[in-house]
Amino acid sequence: MRSSIPSGWIFRTAREPMRGPPGPDPTLPALTKLSVVIPARDEEGCIASTVEHLHLELRLHGVPHEIVVVDDGSTDRTWEILEELRKRIPEVRPFQHQDAHGFGRAIVHGLNEMTGDAVIIMMADESDDCRDALRYWRTLCEGWECVFGSRFVAGGGTSDYPWFKLRLNRIVNLLIRILFRISFNDTSNAFKAYRRTAIEGCRPLIAPHFNLTVEIPLKAIVRGYSWTVIPITWRNRRTGQAKLMLKEMGSRYLFIILYVWLEKYFSRGDYRKQVR
């Protein structure tokens, strides 16, 4: 329980339970190592503090972890800073993404390189709270296969969210809730946690850009992996520039949403998780 809440946060109240069938499975193997995958492009102003704060939080609470940072074609000092961090923090594993660039491609590269049996996808710009990463890990350890964060339930919040992006976000997430008949109201947020088995069950991952943030959770839900929701907090970046270009991403988000929707209603369960 946090002792105080920063001023300027916007809070939302949950109107319905946010949990998808089935429930947690206590018979799942115990998790042994957490991987945190962070895509980064031109984040020299914040990548060091993001990694250092995350590492400190996980180390203080005894979470075995690695931090996989994928430099997605940075033109500033991001890669130099990552190399310096690697020398000081053994848990840091930086990679340069040499192929065609894109937020989704960078995440997939990190997922391919990770060695943990659980993963959190996290932003490089300090918008995500490291304390929430710890709560993700602990919830996964309860027997959930996926843990989704919501900024729009009781206990969650946002700070300095641009007005237009906030309204567009709520419209897109309402559309997703209607199409997929789910209660989860923050599908488009990238900050989520999965067991490795759920990630592998969602492959192939085809979204090359920010639309990967909806492809993975929607596939996990449609394919029958257990999931639950915890409240998380988010703040707008303090340094650098946002990489999400709304004009470029609208049709790409719609394509991925419809792609998974077609799987849900027309694939006859061919891709669902196989239950013994």
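Which residue's side chain meets that of E200 in a salt bridge? I found R196, at 3.9 Å from N to O. For my count, a salt bridge is a side-chain nitrogen of Lys or Arg within 4 Å of a carboxyl oxygen of Asp or Glu.

A note on the source: this is a predicted model, where local features need pLDDT of at least 70, side-chain atom pairs count only at pLDDT 80 or more, and totals for chains, interfaces and linings use all residues. Residues are numbered from 1 along each chain as its sequence is written, and side-chain values use heavy atoms, with hydrogens and water left out.

Back to my pair: E200 and R196 are separated by about one helical turn, because they sit 4 residues apart in helix α6 (residues 196–201). Helices (H or I, at least four residues) and strands (E, at least two) are DSSP runs, numbered from the N terminus.

Next I looked up D186, which forms a salt bridge with R151, their closest N and O atoms being 2.8 Å apart. D186 lies in the loop between α5 (163–180) and β9 (192–195) and R151 in the loop between β7 (146–150) and β8 (157–159), so the bridge ties together parts 35 residues apart in sequence. I noted that both D186 and R151 are buried (under 20% relative accessible area; exposed is over 50%, partly exposed in between, with a 1.4 Å probe and protein chains only).

Then I checked K33, which pairs with E66 in a salt bridge at 3.7 Å between the closest N and O atoms. K33 is partly exposed at 27% relative accessibility, whereas E66 is buried at 3%.

My last entry is the total: I have 14 salt bridges in the structure.
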